[in-house]
Amino acid sequence: MSEYAESVDIAQQLIRFDTSNDGREVIEQPAAEYVMELLKEVGLQPEIYGPTAGRPSVVVRIPGKNRGIDVDETTGERRGGVVIHGHLDVVPAVAEDWSVDPFGGVIKDGMLWGRGAVDMKNMCAMILTAVRDIARTGYVPPRDLIIAMFADEEAGGKQGCQYLVKNHAHLFDGATHAISEVGGYNTYVNGKRVYLIQTGEKALTWYRFTAEGRAGHGSQINNDNAVVKMARVMNAIGSEPWPLVLTETVRTLLAGTAKIAGLPFDPNDEDSLNALVDALGPAKAYVGATLRTGANLTSMNGGYMANVIPQTVTGTVDVRAIPGTEAQVAARIEELAEGVEIEKLHDDSGFESPTTGSFVSAMKDALEVNDPEAIALPYLLSAGTDNKSLGKLGILGYGFSPVQLPEGFDFPAMFHGIDERVPVASLPFGTRVLRDFIDRL
């Protein structure tokens, strides 16, 4: 068996726990108990935290050689403990839509299939494998490692990371950086392997709008129609031409892509920008959404019969603002939604962490040592992770779940997708990169 092959076994077992975050009271508990066993088996002392017994998050601290926070005199970079975290819940899967059992942990065609194979039980398995290796060998990392397997990430983390940050912030004392999912994977640009290190995230706000009107018979004149009000608001938001805003992270990514692809980079020319996004292959699904704010309509509900005008209609919208523009975007949403009630179901600011410094260099160097052809570039994530919650404690968040993918493999499409899968060989590879990264902290 190859080095770190146990990462594949652990990932299979984690996938076989149906941790679909679908409103059940007990979701992550069986998987969390399995994680506890894996950690205790190698002499570690993990603890469980959560608002209820059925929604546990597992946390364990591994003391490092340097227990304090250093400040680089040249760059001003603060260096302390590192939070390495995953989440054990997954989005639901409709078995009839899949070609395999989504909770079977099936291996075929060189791939590990199942809900969570990409988001993110593969990374959880790599973390656990690396940590078990550290514990078995008695290795002392350069800095404290806070290993966390959170609950409830897929629903915004209120019962997981958010809960711990609000109620058990001491668990993260001395931590300055964190790594988790949706970064460290590769795409291909002009035939070269380009690994995207996630150094920021767009803001995330889920809105619910409520329109009130006069109920009545569908045959009568009604000038106070709640459906009309809601349709106007939803159309206005869905049609809003959000302006082009390139953050420093996005500029750095596109400039690097231009150099590799041999294409021009003109930040004011949308054709130039679109060509660079296309050059990133499947990664364009995430990158293309980071050039401007996005607002997607997700539901509109009201009424119960075709001939009855309802009194109340509701609608929801998923807004992802460019970091630094949250206030302006919120103000514009309020303008567009004039005349209906506005409620924020979830609201997290975006962030951008530094794209340079010793911490980022540790990630890049770990990739290059394990893949001499690697080229690492930063990118902004259009989605969100638990790093948003940790950021409230001043912890800089990064996406670094390293996997090596074959050319043409549409990795972003695997997130929440049907027949979610990941190359089996990517798990031992990613574990080696994580171990090397820890050595360089």
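The model is predicted, so local features need pLDDT of at least 70 and side-chain atom pairs count only at pLDDT 80 or more, while totals for chains, interfaces and linings use all residues. Residue numbers start from 1 along each chain as its sequence is written, and side-chain values use heavy atoms, with hydrogens and water left out. In brief, the protein has 12 helices and 21 strands, and 56% of its 441 residues are buried.

**Overall build**

- The 12 helices and 21 strands are DSSP runs numbered from the N terminus, with helices being H or I of at least four residues and strands being E of at least two.
- With 441 residues, a compact globule would have a radius of gyration near 22 Å, and the 23 Å of this protein agrees with that. The radius is taken over C-alpha atoms, and the globule rule is 2.2 Å times the number of residues to the power 0.38.
- Along the principal axes, the C-alpha atoms fill a box of roughly 80 × 55 × 45 Å.
- Take the contacts (heavy atoms within 4.5 Å) with a separation of 6 or more: 78% of them are between residues 24 or more positions apart.
- The accessible surface comes to about 17,900 Å², and carbon and sulfur atoms hold 49% of that. Areas come from the Shrake-Rupley method with a 1.4 Å probe, and for residues only the protein chains shown count as cover.
- The buried share is 56% of the residues, where buried means under 20% relative accessible area, exposed means over 50%, and partly exposed is in between (1.4 Å probe, protein chains only).

**The largest pocket**

- A pocket here is an open set of points on a 1 Å grid over the protein atoms alone, with protein on both sides within 12 Å along at least five of seven lines; a cavity is a set where a 1.4 Å probe fits but cannot get out, and lining residues have an atom within 4 Å of a point.
- The largest pocket has a volume of about 630 Å³. Its lining has 29 residues, and the closest to its centre are Leu204, Arg320, Ser382, Ala383 and Gly384.
- Volumes are the space filled by probe spheres set on the grid points, which are joined across faces, edges and corners.
- Strands S12 (204-212), S14 (294-301), S16 (312-320) and S17 (341-348), along with helix H11 (387-390), each supply at least two lining residues. S14 gives the largest share, three residues.
- By class, this lining has 10 nonpolar, nine polar and 10 charged residues. Ala, Val, Leu, Ile, Met, Phe, Trp, Tyr, Cys and Pro count as nonpolar, Asp, Glu, Lys and Arg as charged, and the others, Gly among them, as polar.

**Two cavities**

- There are two cavities of 30 Å³ or more.
- The largest cavity holds about 40 Å³ of space, and its lining is made of Val118, Asn122, Glu181, Val182, Gly183, Tyr185, Ser401, Phe411 and Phe415. That lining has five nonpolar, three polar and one charged residues.
- The second largest cavity has a volume of about 30 Å³. Arg61, Arg67, Gly68, Gly80, Gly81, Asp144, Asp173 and Gly174 line it, giving no nonpolar, four polar and four charged residues.

**Helix H1**

- Helix H1 (residues 6-15) is largely enclosed by the rest of the structure, because seven of its 10 residues are buried.
- Those buried residues are Ser7, Val8, Ile10, Ala11, Gln12, Leu14 and Ile15.
- Their packing partners are helices H2 (29-41), H3 (121-137) and H12 (426-439), plus strands S6 (107-108) and S7 (111-113).

**Loops worth a look**

- The peptide bond from Asp119 to Met120 is cis, with omega near -15 degrees; Met120 lies in the loop between S7 and H3.
- The loop between S20 (396-399) and S21 (421-423) contains His416, which has a positive phi of about 65 degrees although it is not a glycine. His416 is partly exposed, at 43% relative accessible area.
- Asp419 is also found in the loop between S20 and S21, and has a positive phi of about 55 degrees without being a glycine. Asp419 counts as buried, at 15% relative accessibility.
- Ser219 is found in the loop between strand S13 (216-217) and helix H5 (226-239), and is exposed with a relative accessible area of 60%. Ser219 and Val308 are 89 residues apart in sequence but 8.7 Å apart in space, C-alpha to C-alpha.
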